[in-house]
Amino acid sequence: MWSDSLLIVFISICTAFLGEGLTWILVYRTEKYQKLKVEVERQSKKLEKRKEAHGDSLDKQHKKKIEREEERLKNNNRDLSLVKMKSMFAIGFAFTALLSMFNSIFDGRVVAKLPFYPISWIQGLSHRNLPGDDYTDCSFIFLYILCTMSIRQNIQKLLGFAPSRAASKQGGALFAAPPAQFK
Amino acid sequence: MSSKNKSVDGANKSKGGETVWRKAFTAHTDWPDKEEFLDVIYWMRQAIGIVLGLFWGVLPLKGFLGLLLFVVVNAAVIYFYVNNFQTIDEEEYGGMWEITKEGFMTSFAGFLVTWIIMYTGLHGSFSL
């Protein structure tokens, strides 16, 4: 059982590196992506500073400037997502195929023992395709998802491919409802 | 930031890798670069997650208590580090909540993986 769990950790390390490598070849190294990324980060930081400085002011001119910059940032963010999307689809398909292959290899096998009883809506994942009613038995897919969650993001951060905090913050804010003062 | 500036930043970061370590373990350090401090918090969290996962797996701690203790210890260590060791003004970072959630989910996933694997290897044949 232990060798299976260690093998799954190894598989997720390999797939994380493979995924990042493929994304680097198809997206990260392209000039368009690099330009857009630098631009989005620069604009996000600028917008954050401007909001900090004039966030509560009622000056119409400032409000308009902030709105204009938000619009520009939104457009750049959309372009950035479009650049990423095509290759993400390709990688997504490749990884779905890989995942289904591993799924069939580990089908019905208990790969680990959970030190806790998972809550009911997680049991569907943690006990997927496993025989018996012992819900502390762990399926491949649950351990693989956990490994991917921790390993992939750390690898992205180590390699410097993770989006900057300012960009994610502004990106998140763009999808949220606009604050009352900008309505 | 231009690409030129970025490469200069990168060079500074690699040169200053040692100083970041030193700054992280020196009390009351001044952090002019907020990102750098948040990175320290992020990686500290990941380390805490893995270390706690190893401990909980070896002991072994089981059930909801293990999960709860992880959350409490993780938050307490970061709170102590930020407020008592580094004495950072948390408002500069958008409040304690922003610092508390920095890298939490990744750390939690890392903790679960190490806890499950250690538990499986050392105590996997026994049931709860």
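**Group meeting: chain A, its partner and its salt bridges**

Let's start where the chains meet. Between chain A and chain B, the count is 1 salt bridge. Keep in mind that this is a predicted model. The bridge joins the side chains of A:Lys157 and B:Asp39, at 3.2 Å from N to O. Why can such a pair form? Side chains of opposite charge can pair when their charged atoms come close.

Polar contacts come next. Across this interface there are 5 residue pairs in polar contact. Which elements of chain A give two or more residues to the side that touches chain B? They are helices H1, H2, H5 and H6, plus strand E1. H5(A) gives the largest share, 10 residues. By type, that side of chain A divides into 18 nonpolar, 5 polar and 6 charged residues.

Now the size of the interface. Here 29 residues of chain A are in contact with 28 residues of chain B. The two chains bury about 2,600 Å² between them. Of that area, 70% is on carbon and sulfur atoms. Three residues deserve a name: A:Trp2, A:Pro115 and A:Arg165. Together they supply 28% of the area that chain A buries against chain B, more than any other three residues.

Let's step back to chain A as a whole. It has 6 helices and 2 strands. Along the sequence, the pattern reads α-α-α-β-α-β-α-α. Chain A has 183 residues, and 38% of them are buried. Take the contacts between residues at least 6 apart in sequence: 71% of them join residues at least 24 apart.

Back to salt bridges. Over all chains, the count is 12.

First, A:Lys37 with A:Glu41, at 3.9 Å from N to O. Both sit in helix H2 of chain A, 4 residues apart, about one turn of the helix. Buried or exposed, A:Lys37? Its relative accessibility is 12%, so A:Lys37 counts as buried. A:Glu41 is buried too, at 16%.

Next, A:Lys113 with A:Asp137, at 2.8 Å from N to O. A:Lys113 lies in strand E1 and A:Asp137 in strand E2, so this pair ties together parts 24 residues apart in sequence. A:Lys113 is buried, at 8% relative accessible area. A:Asp137 is buried as well, at 11%.

Last, in chain B, B:Lys101 with B:Glu98, with 3.5 Å between the closest N and O atoms. Both lie in helix H5 of chain B, 3 residues apart. B:Lys101 is partly exposed, at 42%. B:Glu98 is partly exposed, at 31%.

Shared partners join A:Lys113, A:Asp134 and A:Asp137 into one salt-bridge network.

Definitions and conventions: Residues are numbered from 1 along each chain as its sequence is written. Chains are lettered from A and ligands numbered from 1 in the order in which they are written. This is a predicted model: local features need pLDDT of at least 70, side-chain atom pairs count only at pLDDT 80 or more; totals for chains, interfaces and linings use all residues. Side-chain values use heavy atoms; hydrogens and water are left out. Buried means under 20% relative accessible area, exposed over 50%, partly exposed in between (1.4 Å probe, protein chains only). Contact means heavy atoms within 4.5 Å. Buried area is the accessible area (1.4 Å probe) that two parts lose on being put together, summed over both. A salt bridge is a side-chain nitrogen of Lys or Arg within 4 Å of a carboxyl oxygen of Asp or Glu. A polar contact is a pair of N or O atoms within 3.5 Å; within protein, one must be able to donate a hydrogen and the other to accept it, and residues adjacent in sequence count only if both atoms are side-chain atoms. Ala, Val, Leu, Ile, Met, Phe, Trp, Tyr, Cys and Pro count as nonpolar, Asp, Glu, Lys and Arg as charged, and the others, Gly among them, as polar.
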